Every structure is written in C-alpha cells, then in structure tokens.
Amino acid sequence: MPPRAFDETVPPHLDAAFNYARWLTGNDADAEDVVQDACVRALRFFGSRRDGDARAWLFTIVRNTWYSRVSRRGRARDATALEEVSRDPPDVALDPEALLLQQQSVGQVHTALEQLPSEFREVIVLREIEGLSYREIAAVMQVPIGTVMSRLARGRDRLASALRTAPALVGRVR
C-alpha cells in the first residue's frame with residue numbers, strides 16, 4: 001500500500017470522524033483517543049479495504065473502536081453530557097433577540113438529542129448531522145437497512161416529542 005493512498009483517503013474525513021466520536025463518547029478527550037486508535041487500525045488494515053465510501057469505512061472503524069473500548073471496560077457507558085459543540089459564527093444579520101432565540105433553539109435540540117437512547121441518537125447523528133445515506137449507516141452500524149430506517153423514524157419521533165415538551169422559549173418573537 002502506498003502511503004500516499006492512505007493520506008488521500010483518511011485525512012479528509014478526520015473532522016467528521018471526530019464529530020461522530022464525540023457523539024459516541026460524550027467528550028473531546030475520549031473522542032480524540034478513539035479517532036487516534038481508529039486511524040492506527042485504518043492504517044494497519046488499509047490494504048484490505050474494499051473500494052467504496054472511505055467515509056463510511058472510517059466511521060465503521062471509529063464505531064468499532066469505541067465499542068471495543070467500552071466492552072474492555074466491562075460496562076457500557078452511555079454518554080449523557082456533551083461538551084459544548086463549537087458552532088459556526090452567528091449570523092450577523094440577525095438582531096440580538098432573534099440570535100438569542102436561535103441559540104436557545106439549538107441548545108434545546110442538543111439537549112433533546114443527548115437524552116435519546118444511544119441507538120437512536122447514533123442513527124440521527126449519522127443521517128442528519130453527518131449526512132450518511134441509509135446504506136452507509138447500515139454498513140457503519142452493521143445492521144440491516146430496515147433497522148436503520150426503523151431506528152431513524154423512532155428516533156425522530158422521540159426527538160420531536162422531547163422538543164414539544166421542552167420549556168417554551170422565553171420572549172418568543174411575535
């Protein structure tokens with residue numbers, strides 16, 4: 001395997017892999033460790049990689065790395081708190097009240113997403129945040145596409161329900 005092939009395949013997906021690992025682990029430090037271990041595994045097994053989507057392939061390694069760490073610890077730790085996720089700079093065209101409402105809405109979605117069981121949260125993150133197709137998610141999670149579709153539908157329902165019961169935003173724009 002030429003080193004250049006690895007350098008062209010894996011690094012473009014590292015930011016997305018870190019974001020996914022952060023959702024799995026619940027914190028930046030563990031996410032960094034998982035991505036680092038996943039990259040070592042990816043390098044080791046790069047020669048056996050089948051043609052296809054490198055992003056889904058790397059996400060599969062990240063997921064397997066995380067779950068193998070959890071099983072080695074002897075207990076499944078469900079990430080219940082997510083560190084503040086860096087966001088794009090706010091839209092300067094919004095007035096301060098609209099900006100505050102936007103930030104509160106994003107915060108409510110993050111809070112509701114964190115409260116979902118991991119199997120629903122994971123499929124929503126892969127589909128809605130990372131933009132993977134159903135087929136790619138099925139490959140990453142090693143489940144049938146029907147399971148992905150079912151978990152996504154149930155996860156979206158639970159997320160919508162959590163958002164409906166969330167406290168109303170104060171000072172809603174009229």
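How many helices and strands does the chain have? The chain holds eight helices and zero strands; both are DSSP runs, helices being H or I of at least four residues and strands E of at least two, numbered from the N terminus. In sequence order the pattern reads α-α-α-α-α-α-α-α. The model is predicted, with local features requiring pLDDT of at least 70 and side-chain atom pairs pLDDT 80 or more, while totals for chains, interfaces and linings use all residues. Residues are numbered from 1 along each chain as its sequence is written, and side-chain values use heavy atoms, without hydrogens and water.

The overall figures come next. The chain has 174 residues, and 37% of them are buried. Buried means under 20% relative accessible area, exposed means over 50%, and partly exposed lies in between (1.4 Å probe, protein chains only). The accessible surface of the chain is about 10,400 Å². Carbon and sulfur atoms account for 52% of that surface. These areas come from the Shrake-Rupley method with a 1.4 Å probe; for residues, only the protein chains shown count as cover.

Five salt bridges are found in the whole structure. The term covers a side-chain nitrogen of Lys or Arg within 4 Å of a carboxyl oxygen of Asp or Glu. Three of these pairs are described here, each with an arginine in helix H4 (residues 54–73).

Asp37 belongs to helix H3 (residues 28–44) and Arg69 to H4, so the pair links distant parts of the chain, 32 residues apart. Asp37 is partly exposed, at 28% relative accessible area. Arg69 is buried, at 15%.

Another pairs the side chains of Arg55 and Glu130, at 2.8 Å from N to O. Arg55 sits in H4, while Glu130 is in the loop between helix H6 (118–129) and helix H7 (134–141). The pair therefore ties together parts that are 75 residues apart in sequence. Arg55 is partly exposed, with a relative accessible area of 22%. Glu130 is buried, with a value of 8%.

A further salt bridge brings together the side chains of Arg63 and Glu122, at 2.6 Å from N to O. Arg63 is in H4 and Glu122 in H6, 59 residues apart. Both residues of this pair are buried.

Helix H8 (residues 145–165) packs against H7 at an angle of about 100°, with the axes 8 Å apart. Axes are lines fitted to C-alpha atoms, for helices over the stretch in contact, and angles run from 0 to 180 degrees between N-to-C directions. H7 is thus roughly perpendicular to H8. Angles of 65 to 115 degrees count as roughly perpendicular, those under 35 as roughly parallel, those over 145 as roughly antiparallel and the rest as oblique. On the H7 side the contact involves Tyr134, Arg135, Ile137, Ala138 and Met141. On the H8 side it involves Ile145, Val148, Met149, Arg151, Leu152 and Arg156. By class, these residues are eight nonpolar, no polar and three charged. Nonpolar covers Ala, Val, Leu, Ile, Met, Phe, Trp, Tyr, Cys and Pro; charged covers Asp, Glu, Lys and Arg; the others, Gly among them, are polar.

H8 also meets H6. Their axes come within 8 Å and cross at roughly 100°. H6 and H8 are therefore roughly perpendicular to each other. Residues of H6 in this contact include Phe120, Val123 and Ile124, and those of H8 include Val148, Gly155 and Leu159. The contact has six nonpolar, one polar and seven charged residues.

Some single residues complete the description. Gln142 lies in the loop between H7 and H8. Gln142 has a positive phi of about 55°, although it is not a glycine. At 55% relative accessibility, Gln142 counts as exposed. Asp53 occupies the loop between H3 and H4 and is partly exposed, at 34%. Asp53 and Thr9 are 44 residues apart in sequence, with 9.5 Å between their C-alpha atoms. Ser161, in H8, is partly exposed at 32%. Ser161 and Ala112 are 49 residues apart along the chain, and their C-alpha atoms are separated by 9.1 Å.

Definitions and conventions. Contact = heavy atoms within 4.5 Å.
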